[in-house]
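Trainee: I have a structure to study and would like to learn how to read it step by step. Could we look at it together?

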Amino acid sequence: MNNPETSSDSSAPGQPFEAIPAASTVKDLNRRRLLLKGAASTGATVAALQPIGALATFPSGSTVLTCPSSVAGAKETNCTVSGVQSAAHSFASNITKIPAGGKAISYWSATTNGVPNKPWNCSTSTKVSALFPYCNSTYSNKTLLDMLKNYSGTTEAGYICAYLNGTNFYSDPPTNIKCFPYSAAQVQAYWNDTKKRASALALFQRISTQTT
């Protein structure tokens, strides 16, 4: 004798009866039933039913930095080493987006009578190895200014530029003026992480384009 209370098509107690779906929606309904199973005691299941774009981890009113795309018509991306490949188009409307930026090597290396035209907030005579240990031995005893002027195409010069940007144009939260994504200390940390050094440099170079 069939017992309707144990039928697999019955709705769980307390839940509204669901009409039998069309064939094209069976898969979706089954997925929803699996998510809802035991949902009363878990917040994670409720989150799983929300659109991915609604799950941004930024607090209400946050400001985030984005990288303008180098390809016409492509999406802007999140301006972090880990998120630079992630499109920055799913934030809530109360999240302020500011294009990230930094000054180029030519900005920092411009001098008058041997003195930088712009404040560095660190000594121009500092040796490269003092900031970036285990750098190429060819450059370890050269000064920061010498590197920017005469070896601008090197990894070391790229990191010096990023360091100066971090010293002068990093802010938490960022602003339209201070919109470099990492502090000087964080730039040094990326140098010391040999697995991330190259990808971080690529990001620094992508956004450090301002010459004035």
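Trainee: Which are the buried residues of α8?

Mentor: Please keep in mind that this is a predicted model. The buried residues of α8 are Ala 200, Leu 201, Leu 203, Phe 204 and Ile 207.

Trainee: What do the buried residues of α8 pack against?

Mentor: They pack against the strands β1 (63-67), β4 (102-103) and β7 (208-210), and also against the helices α6 and α7.

Trainee: How many aromatic pairs does the structure hold, and how is a pair of rings described?

Mentor: A pair of aromatic rings is described by the distance of the centres and the angle of the planes. The structure holds 12 aromatic pairs. One of them joins Phe 180 and Phe 204, whose ring centres are 5.9 Å apart and whose planes stand at 35°, so the pair is tilted. This pair links distant parts of the chain, since Phe 180 belongs to the loop between α6 (155-169) and α7 (184-192), while Phe 204 belongs to helix α8 (residues 197-207), 24 residues apart.

Trainee: Are Phe 180 and Phe 204 buried or exposed?

Mentor: Phe 180 is buried, with a relative accessible area of 0%, and Phe 204 is buried as well, with a value of 1%. Phe 204 also forms an aromatic pair with Tyr 190, edge-to-face, with 6.5 Å from centre to centre and 70° between the planes. Here too distant parts of the chain are linked, with Tyr 190 in helix α7 and Phe 204 in helix α8, 14 residues apart. Tyr 190 is buried, at a relative accessible area of 16%.

Trainee: Which residues do ring pairs link into a cluster?

Mentor: The cluster consists of Phe 132, Tyr 159, Tyr 163, Phe 180, Tyr 182, Tyr 190, Trp 191 and Phe 204. Over the face of Trp 191 lies Arg 197, at 3.8 Å from the ring centre.

Trainee: What is the mean pLDDT of the protein chain?

Mentor: Where pLDDT is low, the predicted coordinates should not be read in detail. The mean for this chain is 78, and 64% of its residues reach 70 or more. Over residues 4-21, however, the pLDDT is below 50, and over residues 38-57 it stays under 50.

Technical notes
Residues numbered from 1 in each chain as written. Predicted model: local features only at pLDDT ≥ 70, side-chain atom pairs only at ≥ 80, totals over all residues. Heavy atoms only, no water. Phe/Tyr/Trp six-rings, centres within 6.5 Å; stacked < 30°, edge-to-face > 60°. Helix = DSSP H or I, 4+ residues; strand = E, 2+ residues; numbered from the N terminus. Buried < 20%, exposed > 50% of the residue type's maximum accessible area, 1.4 Å probe, protein only. Lys NZ or Arg CZ within 6 Å of the ring centre and 35° of its normal. pLDDT = per-residue confidence, 0-100. Contact = heavy atoms within 4.5 Å.
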